[in-house]
Amino acid sequence: MPITTTSILGHRGRRNTAAALALIPAGLIVLIVYVGCMLWTIRLSFTSSRLLPHLDWVGLSQYERLFANERFLVSIKNILTFGAFSITGCLVLGFLLAVFIDQRVRGEAVFRTIFLYPYSMSFVVTGLAWQWFFNPMLGLQKLGRDLGLTDFTFNWLISQEMVIYTIVIASIWQGSGLVMCLMLAGLRGVDESLWKAARIDGVPVWRYYLSIVVPLIGPMIVTAVVLLSISVIKLYDLVVAMTRGGPGIASDVPAKFVMDHLFERNNVGLATAAATMMLVTVCAVLAPWVYARYVRAKGGRA
Amino acid sequence: MKRISRTLAAAAFAVAIPSLANAAEMKAEVLHWWTSGGESAAIKEIADRFKAAGGEWTDTAIAIGEQARAAGINRIVGGNPPTVMQFNTGKQFDELVSNGFLTPLTTVADANKWKDVLPKAIVEAASRGGQFYAAPVNIHGQNWVWYNIDVLKKAGVEPPKTFGDIIAAAPKLKQAGVIPFAHGAQDWQDAILFIAVLIAEGGKDVFQKVYGEGDVKAVQSPGFRKAAETYAQLRLLADEGSAGRNWNDTTSLVITGKAAMQFMGDWAKGEFVNAKMTPGKEYGCVVMPGGYVMGGDVFVFPKVSAPAQQAAQAKIAELMLAPETQIAFNTKKGSVPVRLDLDVSSMDICAQTGMKALKDPAQQVPSENYISTPDRVGAMRDVITQFWSNKAMTVDDFSARVVSALKSSS
């Protein structure tokens, strides 16, 4: 039998070759850049590199130093708090905004634009604007006191415990527009007849949305959570613009810890150890989900 | 024949003109972090002189020292270096030298006799292995206190001479409705204040032992303890807007009379100069006791391949230490010239006080950057800024954290 792509790969051989060839550049990038750099970072975390990579071996000493470093521990606590509140807040607010627009209000396009506009602003601009807003001497507190409430205090920005929540607020303001758009797309896909049936059955509006609509737009919610999680892990420029990690080290986050140590502190070893810990955390969170979705599901089908 | 020779002559001429132009061409991209009003005016003095010499100056100003240094280091390591880059005097550029990224300045330094006219501490800080790798441009005193004369007079308070004076004067100033001691709580500002308090209350030897040698016993000494207690009292005077405030915003509080005094290095003087105020008339300056903490800025010259940039590097290095540039630049910047052989009678009384202090070797105290690596400087800053911002932290707690910071950094 002559050797053709069909004989080697079966009847779909020719189509698969073209597809495989088209994917090679992307595959190479993933392999070399993503996986390769990840492995390089992990390798560097076992060295004593200062400003430039230096391939010796110091075992786990960088990790020992990392977990004794109070700033790193504070940053982990902060990112968990930030992630929980920010994702929940964006989902809830985005969903409510989407429901509001879905009511076929007049000027729907205008509202959509207004709500989505914050997402187009850079984190630096957002951070700076909110910093002025939260600044006790310039922003909300001054406004309250000028209006006559002489004891009005809103000094979260300079409080050790509350400063992370100011960053949460700024992030919710920016991210809910995107969530709103995703949810709106999902809501528009929900069949109109379901709504009519619910009204006939006398189901209250909130119950309708909670028990019927939310499960239906499940995939949209998952997409929104994934996108929001990515920006949670990457949180850096918003913190730098709003608080510079302060007051003290109270609003430090892992990405800022890594960046500071990578360059200014001339400590690549410690920075890569922190980056590796971020990778380990993300993998630990994703692994059960990947298993449930892909491995177990596949097994079930076979 | 004539035509050919004429064509050849024209061709030779055409080739010669561009190369002549190339020989005189000097292109420089200068990366620095001088973005406030006074600072920009100061670096413009150097830029103008370079342009007058026929050079092309591209200004890459990045606000905040750490961000500028991070961007610059990234570019140097990545192969797209700026022609000239700013650092603080000290160990910040050590690894760039040891990995061969910087051009040595031996030719310019020898031709202009830098080793003879610069103070010994500066020569050592700017050289590695006996060769100059950085061009120092100024000496900044880091432990000055700046005060608004009118505000103090109205409140009936004498200008402070020690940190104890500042703490004692605070209640009267608060009553007069001004911020007694304005401070911007950023980590480097918290750190230079602590170092000043340390040498004032504990002596400069304690500072040398803690920062330079990482000596844990020095942290437990009574001198260190007294300094930490004074610092703990100073932090109670912070106003509500001080968290994360930039140093020049704090200086403008003193300039406009909303605050009585600010602790800051003498780069703050540039802001007063920009606001057209005169020392001794509208504002006063005093060096805190214990010594004169010498900081400063240097410019390094990464290895570049383009001849236009190399020519520019030689010219700029020479220009930066030329006597006339030194006076013009430092008058606007607020620092004192780095050369000891200049006539500074044209500079104001604050600069004269600084120069007088510098002439006495016992008064010279190197800044944290001279004696510690960026790693240790950073680790100490993390601890100090926590101590300032978290008013519930005790002195014992602070000392324990300093010990662990010294042990884990190197």
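Q: Which residue in S14(B) does B:Tyr292 stand opposite?
A: B:Tyr292 stands opposite B:Gln364 there. Strands here are DSSP runs (E, at least two residues), and helices are DSSP runs of H or I with at least four residues, numbered from the N terminus. This is a predicted model, in which local features need pLDDT of at least 70 and side-chain atom pairs count only at pLDDT 80 or more, while totals for chains, interfaces and linings use all residues. Residues are numbered from 1 along each chain as its sequence is written, and chains are lettered from A and ligands numbered from 1 in the order in which they are written.

Q: OK, and how do S12(B) and S14(B) pair, parallel or antiparallel?
A: S12(B) and S14(B), residues 364-366, pair in the parallel sense over three bridges. Two strands pair if DSSP finds at least two bridges between them.

Q: What about S7(B) and S12(B), which way do they run?
A: They run antiparallel, joined by two bridges. B:Gly141 has B:Met294 as its bridge partner in S12(B).

Q: Are the faces of S12(B) covered or open?
A: Both are covered. B:Tyr292 and B:Met294 are buried on one side, and B:Val293 and B:Gly295 are buried on the other. A residue is buried if 20 or more other C-beta atoms lie within 10 Å of its own, exposed if 12 or fewer, and partly exposed in between, with C-beta atoms placed from the backbone.

Q: Which residues of H18(B) are buried?
A: In H18(B), residues 349-359, they are B:Cys350, B:Ala351 and B:Gly354. Seen down the helix axis they fall within an arc of 100°, so they line one face of H18(B). That arc is taken from the directions from the helix axis to the C-beta atoms.

Q: And what do they pack against?
A: The buried residues of H18(B) pack against strands S7, S11 (283-287) and S12 and helix H15 (269-274) of chain B. Contact means that two C-beta atoms, placed from the backbone, lie within 7 Å. The face turned away from the buried side carries the exposed residues B:Ile349 and B:Lys359.

Q: Switching topic: what is the strand order in the five-stranded open sheet of chain B?
A: The order is S2-S1-S3-S13-S6, with mixed pairing. S2(B) and S6(B) stand at the edges with a single partner strand each, so one side of each is left without a neighbour in the sheet.

Q: Where is B:Phe207, and is it buried or exposed?
A: B:Phe207 is in helix H11 of chain B. B:Phe207 is buried, with 27 other C-beta atoms within 10 Å. Leaving aside neighbours within four places in sequence, B:Phe207 is in contact with B:Ile195, B:Leu198, B:Ile199 and B:Val365.

Q: What is chain A made of?
A: Chain A has 14 helices and zero strands. Its radius of gyration is 25 Å, well over the 19 Å that the globule rule gives for 302 residues, so chain A is more spread out than a compact globule. That radius is taken over C-alpha atoms, and the rule is 2.2 Å times the number of residues to the power 0.38.

Q: How many residues are in contact between the two chains?
A: 26 residues of chain B are in contact with 24 residues of chain A. H20(B) gives the most to the chain B side, with eight residues.
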